[in-house]
Amino acid sequence: MFSALWQSILEWLQTLFFQQEMELTILGLQNAGKTTLVNLISTGDFTDDRIPTVGFNMRRVQKGGVTLKMWDLGGQARFRTMWERYCRGVSAVVFVIDAADEDRFETARVELQDILSRRALDGIPVLVLANKSDLPGAIKDVDEMVDVFGLKDIHNHEVSVYSISAKNSTNIDVTLQWLIDHGSKKASSSTAAAVVSAPDPPSTSTIPPKPSS
Ligand SMILES: Nc1nc2c(ncn2[C@@H]2O[C@H](COP(=O)(O)OP(=O)(O)OP(=O)(O)O)[C@@H](O)[C@H]2O)c(=O)[nH]1
Ligand SMILES: [Mg+2]
């Protein structure tokens, strides 16, 4: 009884005096722009780095009173089996899609649905980022993205979707805000969906989580 009270006081003091750390995992097929996005968030600059990630990278960066610890995973097929391990217990999962690579939409949909169907990840909020909106032919319409990637079929997750360009820094501010906002939330299968407001409403959307059947 006393130790439980002491533990609560300690935890409360920690929230007062220590920086909050948010752990998040960045997934998506190869060439989607994950590492580019992480570099942009870390440095504020776009760099055209074409080196595919082998395994994973980890970056820590301070934003808006929160330390973001970002796991940037390799998107090639041989690395996808380790995705789940790096998603367990994180504050949020970010799934990046190359919005101009129509040939890979079906693979992206299958991989997104597969990883989010894992029970160990239930309740973790998900941000789907359709990157490369600067390229001609890139899918930018939110309703279309919801259909193409089957976002309404996802159970037990709050899912938000933004159209972004890491190259032109489009919607990176709202992406960061979403990450900071979700840093303090604990994963729970009953997480209520918050309505995300963004300066560019047609390119962002939040879909409430559906209860599992
Ligand atoms: N036009 C355009 N190109 C981008 C954008 N974001 C990233 N790229 C380019 O896409 C290519 C792949 O980017 P990466 O960040 O390495 O992709 P990745 O998702 O980390 O790939 P893996 O590590 O293999 O999983 C690079 O040439 C980037 O410069 C964007 O917003 N617009
Ligand atoms: Mg990479």
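This is a predicted model: local features need pLDDT of at least 70, side-chain atom pairs count only at pLDDT 80 or more; totals for chains, interfaces and linings use all residues.
## A nonpolar patch on the surface

Start on the outside. L5, W6, I9 and L10 form a nonpolar patch on the surface. Together they have about 380 Å² of accessible area.

L5 lies in helix 1, which covers residues 2-17. Is L5 buried or exposed? Its relative accessible area is 52%, and the cut-off for exposed is over 50%, so L5 counts as exposed.

## The magnesium site

Which residues coordinate the magnesium ion, ligand 2? T35 and T53 do, each through its OG1 atom, at 2.0 Å. The pair links distant parts of the chain, 18 residues apart. T35 sits in helix 2 (residues 34-43). T53 sits in the loop between helix 2 and strand 2 (56-63).

Both count as buried because that label means under 20% relative accessible area. T35 has 18%. T53 has 11%.

## Helix 2, largely enclosed

Now look at helix 2 as a whole. Of its 10 residues, 8 are buried, so the rest of the structure largely encloses this helix. The buried residues are K34, T35, T36, L37, V38, N39, L40 and I41. T35 in this list is also a magnesium ligand.

What do these buried residues pack against? Their partners are strand 1 (20-27), strand 2, strand 3, strand 4, strand 5 and helix 6 (172-183). After helix 2 comes G44. Its phi is positive, near 85 degrees.

The largest nonpolar core has 34 residues. Which of them touch the most other members? They are L27, L112, V128, F149 and L151. Helix 4 gives the largest share, 5 residues.

A second, separate core has 26 residues. V38, L68, A92 and Y162 are among them. V38 is also one of the buried residues of helix 2.

## A closer look at F149

F149 belongs to the largest core. Set aside its neighbours within four places in sequence. F149 is then in contact with I97, F105, A108, R109, L112 and Q113. Among these, L112 is another of the core residues that touch the most other members.

Conventions:
Residues are numbered from 1 along each chain as its sequence is written. Chains are lettered from A and ligands numbered from 1 in the order in which they are written. Side-chain values use heavy atoms; hydrogens and water are left out. Patches are made of residues with over 30% relative accessible area and no salt bridge: like charges are joined within 9 Å, nonpolar side chains (Val, Leu, Ile, Met, Phe, Trp, Tyr) within 5 Å. Accessible areas come from the Shrake-Rupley method with a 1.4 Å probe; for residues, only the protein chains shown count as cover. A salt bridge is a side-chain nitrogen of Lys or Arg within 4 Å of a carboxyl oxygen of Asp or Glu. Helices (H or I, at least four residues) and strands (E, at least two) are DSSP runs, numbered from the N terminus. Buried means under 20% relative accessible area, exposed over 50%, partly exposed in between (1.4 Å probe, protein chains only). Donors are N, O and S atoms within 2.8 Å of the metal (3.2 Å for Na, K and Ca); water is not among the atoms, so sites may look incomplete. A nonpolar core is a set of buried Ala, Val, Leu, Ile, Met, Phe, Trp, Tyr and Cys residues joined through side-chain atoms within 4.5 Å. Contact means heavy atoms within 4.5 Å.
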